[in-house]
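Good morning, and thank you for coming.

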Amino acid sequence: ITTFGGHPVSAAAGVAAMEYMEEHKLLEQVKSKNELFVSRLKSCVGVKEIRHLGLMIALDFHDQELRDRVVKRVVERGIITEGFLFCDTAMRIAPPLTITEEEINLCCDIIIEVTQNIN
């Protein structure tokens, strides 16, 4: 029992999204976008591990306090992110498939700057 489940408008939106993804070859771009993110984020200070699958990325910090300070400052700079319910030390990065290389570089610049200047 859902509000929009099976509704023709919801189905049309789903079809339009799939067509857009196919037309713009968004899935074919995921690997190179992931590699750009991971290569750039390796220079973050205080990160003990980068876990990733496609454009779902987790920066695992050495402790929760550091993660919380980084998340707060990154959000203040305009990046939408959060921690995980199941991992107190990791920050999530989950951009849309439509993210551009320019936007990835801007995001990484902000995260790297924040981690280098965290106190």
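First, a word on the source. This is a predicted model, in which local features need pLDDT of at least 70 and side-chain atom pairs count only at pLDDT 80 or more, while totals for chains, interfaces and linings use all residues. Residues are numbered from 1 along each chain as its sequence is written, and side-chain values use heavy atoms, with hydrogens and water left out.

Let us turn to the fold. The protein chain contains four helices and four strands. Here helices (H or I, at least four residues) and strands (E, at least two) are DSSP runs, numbered from the N terminus. In sequence order the pattern is α-α-β-β-α-β-β-α. The C-alpha trace spans about 50 × 35 × 25 Å along its principal axes. Of the 119 residues in the protein chain, 36% are buried. Buried means under 20% relative accessible area, exposed means over 50%, and partly exposed lies in between, with a 1.4 Å probe and protein chains only. A contact, in this talk, means heavy atoms within 4.5 Å. Among contacts with a separation of 6 or more, 57% join residues 24 or more positions apart.

Next, the helix packing. Two packed helices are described by the angle between their axes and the distance between the axes. The axes are lines fitted to C-alpha atoms, for helices over the stretch in contact, and the angles run from 0 to 180 degrees between N-to-C directions.

How do α2 and α4 cross? The axes of α2, residues 26-41, and α4, residues 101-116, come within 10 Å and cross at roughly 20°. The two helices are therefore roughly parallel to each other. On the scale used, angles under 35 degrees count as roughly parallel, over 145 as roughly antiparallel, 65 to 115 as roughly perpendicular, and the rest as oblique. On the α2 side the contact is made by K33, L36, F37, R40 and L41, which meet E101, I104, N105, C107, C108, D109, I111 and I112 in α4. These residues divide into eight nonpolar, one polar and four charged. For this division, Ala, Val, Leu, Ile, Met, Phe, Trp, Tyr, Cys and Pro count as nonpolar, Asp, Glu, Lys and Arg as charged, and the others, Gly among them, as polar.

Helix α3 also packs with α4, at an angle of about 135° and with the axes 10 Å apart. This pair is therefore oblique, and its crossing is right-handed. Here V70, R73 and V74 in α3 meet I111, V114 and T115 in α4. That contact divides into four nonpolar residues, one polar and one charged.

We come now to the core. A nonpolar core is a set of buried Ala, Val, Leu, Ile, Met, Phe, Trp, Tyr and Cys residues joined through side-chain atoms within 4.5 Å. The largest one has 28 residues, and those with the most contacts inside it are F37, L41, L59, V70, M91, I93 and I111. At least two residues each are supplied by α2, β1 (47-53), β2 (56-61), α3 (64-76), β4 (90-93) and α4. The largest share, seven residues, comes from α4.

M91 counts as buried because its relative accessibility is 0%. Beyond four places in sequence, its contacts include L59, V70, F84 and I111. M91 and V70 are 21 residues apart along the chain, with their C-alpha atoms separated by 8.5 Å. V70 in turn touches F61, M91, V114, T115 and I118, again leaving aside neighbours within four places.

F84 lies between β3 and β4, and at 16% relative accessibility F84 counts as buried. G78 sits in the loop between α3 and β3 (82-83); at 59% relative accessibility, G78 counts as exposed. K25 lies between α1 (8-23) and α2, and is partly exposed at 49% relative accessibility. The phi of K25 is near 50°, a positive value in a residue other than glycine.

Thank you for your attention.

Notes
Left-handed = near helix turned anticlockwise from the far one by under 90°.
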